[in-house]
Amino acid sequence: METKDVVIVGSGYSGVCIAIKLKEAGINNFIILEKEDELGGTWYINTYPGAACDVQSHLYSFSFEPYDWSRTFPQQKELDDYIKYCISKYKLEPHAKVNTTVTSAVFNEQEGLWLVTTNNNEQYKTKFLVTGAGALNDPAYPEIKGMETFEGAQFHSSIWNHKFNFKDKNIAVIGSGASAIQFIPELEPQVKNLFVFQRTPNWIMPKADRPFKDWERKLFLNYPIFRKIYREGLYWGKELRVVAFVQSPFLLKIISRGVEKDVRKLVKDPELQKAMIPNYTMGCKRILLANNYYPAIIKENVKVITDGIERISKNSIFTKTGKEVSVDAIIYATGFKATKILSTIHIVGNEGKVLNDVWKENVESYLGTTVAGFPNLFIMVGPNTGVGHTSMIHIIESQAKYVMDGIKYILKNNIKSIDVKKEEQKEFNEYVQSKMKGTVWQSGGCVSWYQDDKGRNPTLWPGFTVKFRRLTRKFDASKYKLVTK
């Protein structure tokens with residue numbers, strides 16, 4: 001059994017950010033545990049055709065680690081290259097272990113240490129447990145009768161089957177969200193028929209994506225001030241959008257009229273038009289960006305089906321209207337269990353409390369980072385830290401600063417453990433949910449992956465990210481119960 005100062009779960013942006021900040025603080029006795037066979041997180045795992053980010057490259061990178069991006073919006077390979085560049089530059093490989101899934105973490109109150117167990121039956125004792133697993137890593141599958149009887153290939157879009165030959169095949173895509181609108185245009189030219197089973201349409205806006213010109217890249221490389229100005233412009237341009245999402249959703253209704261007009265121009269078929277235009281306020285579900293989705297779905301070999309699925313047989317999908325669709329493969333583009341944060345790890349805190357049980361009723365925390373009853377546990381990209389209008393990197397860096405301040409405070413003052421006070425957590429969550437009430441995410445007339453089974457939103461931050469940064473600017477020990485040695 002090894003003893004570490006810090007155990008980090010996950011090697012995506014948040015795990016890497018914390019690891020870098022630990023090294024900068026001179027804390028080198030840490031380990032990153034990664035369940036995949038390579039480091040990198042989301043952008044290593046998601047390799048479906050057309051995979052790309054809907055946040056601009058220069059904003060989807062650490063403020064302290066700029067990069068020579070090739071495009072305005074990054075594609076999967078370049079994002080994977082970037083995070084691996086950071087891992088290499090800061091020499092994080094010796095601190096990491098791949099093919100290692102954390103199965104449980106149990107806090108010992110007497111020792112003030114976490115006992116972390118992996119799928120390899122390895123154990124680590126650590127003073128601090130930092131989870132960087134994120135909210136979009138556990139694939140969500142629909143519950144459809146007969147799924148297990150299907151004899152063709154079937155896989156989730158986040159676990160793409162690159163060995164499958166799509167040429168001249170009949171393919172079903174269940175789901176029409178963020179990943180589907182990226183890979184459908186890539187598959188359309190290869191397949192015989194593409195059947196897109198859509199539950200609800202999405203608001204899709206044009207994506208201002210293009211390669212950077214050589215002179216632009218040289219300017220960013222040789223004159224960092226221009227890169228900084230460009231990044232700041234992107235940030236504030238997106239940050240101001242929160243006014244529409246949170247304070248004035250009617251603005252989104254005005255914008256959506258223009259988008260609807262564009263859809264009617266591109267999609268001529270009246271039935272398909274009807275299927276493509278949402279009946280909820282723009283922003284209630286995630287707004288998607290794409291230039292090639294509508295041109296793909298109007299092709300003769302693409303059929304959008306909105307009837308709803310009744311069951312799946314060994315080679316067909318049956319709709320609720322009795323239609324049979326014969327297919328060779330099924331791709332589930334059904335997203336992730338975004339509201340089931342850390343549900344795959346058995347985390348036990350004080351008095352034997354299990355995090356999954358504590359969160360069964362309401363998933364909540366303090367500043368999206370600490371949870372009452374679970375000392376010395378820091379959650380990166382925790383409850384209500386997601387953003388619907390800007391880059392998650394801003395939130396990640398804010399949290400990393402807060403977590404590092406907490407770790408330094410504990411070490412400096414020789415404290416055994418810290419545990420956020422229940423009343424502080426309660427007050428913070430009452431504030432969050434009160435702010436959520438008037439937002440488009442709660443009043444926009446849709447059901448989205450942002451919400452849990454009760455319609456509560458434990459996913460998004462309901463406001464400006466500058467406010468979140470201000471709240472996490474400094475670790476306030478008065479909000480915590482401190483246990484000294």
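## Legends to the close-up views

**View A. Cys-86 is buried, with a relative accessible area of 0%.** Buried means under 20% relative accessible area, exposed means over 50%, and partly exposed lies in between (1.4 Å probe, protein chains only). The model is predicted: local features need pLDDT of at least 70, side-chain atom pairs count only at pLDDT 80 or more, and totals for chains, interfaces and linings use all residues. Residues are numbered from 1 along each chain as its sequence is written, and side-chain values use heavy atoms, with hydrogens and water left out. Cys-53 is also buried, at 3% relative accessible area. Cys-86 takes part in no disulfide (a pair of cysteine sulfur atoms within 2.5 Å); the nearest cysteine sulfur, that of Cys-17, is 9.3 Å away.

**View B. One disulfide is present in the structure.** Cys-284 and Cys-446 are its partners, with an S to S distance of 2.0 Å. The link is left-handed, at -100° about the S-S bond. Distant parts of the chain are joined in this way, the two residues being 162 residues apart: Cys-284 lies in the loop between α9 (270-276) and β11 (288-289), and Cys-446 in the loop between α14 (440-443) and α15 (465-471). Helices (H or I, at least four residues) and strands (E, at least two) are DSSP runs, numbered from the N terminus. Both cysteines, Cys-284 and Cys-446, are buried. Ser-448, in the loop between α14 and α15, counts as buried at 8% relative accessibility. Apart from its neighbours within four places in sequence, Ser-448 is in contact (heavy atoms within 4.5 Å) with Cys-284 and Lys-285.

**View C. The largest nonpolar core has 111 residues.** A nonpolar core is a set of buried Ala, Val, Leu, Ile, Met, Phe, Trp, Tyr and Cys residues joined through side-chain atoms within 4.5 Å. Tyr-13, Phe-62, Phe-183 and Tyr-293 touch the most other members of the largest core. Helix α12 (residues 392-412) gives the most to this core, with 10 residues. A second, separate core of 22 residues includes Val-7, Phe-107, Ile-341 and Val-363.

**View D. Tyr-223, Ile-225, Phe-226 and Ile-229 make a nonpolar surface patch of about 430 Å².** Patches are made of residues with over 30% relative accessible area and no salt bridge; like charges are joined within 9 Å, and nonpolar side chains (Val, Leu, Ile, Met, Phe, Trp, Tyr) within 5 Å. Accessible areas come from the Shrake-Rupley method with a 1.4 Å probe, and for residues only the protein chains shown count as cover. Ile-229 belongs to helix α6 (residues 224-239) and counts as exposed at 53% relative accessibility.

**View E. The structure holds 23 salt bridges.** Side chains of opposite charge can pair when their charged atoms come close. A salt bridge is a side-chain nitrogen of Lys or Arg within 4 Å of a carboxyl oxygen of Asp or Glu. Asp-138 and Lys-337 meet in one of them (3.9 Å, N to O). The two residues are 199 residues apart, Asp-138 lying in the loop between β6 (123-131) and β7 (153-156) and Lys-337 in the loop between β16 (329-332) and β17 (346-348). Asp-138 is buried, at 18%, whereas Lys-337 is partly exposed, at 38%. Glu-38, Asp-80 and Lys-84 are linked in a network of salt bridges.
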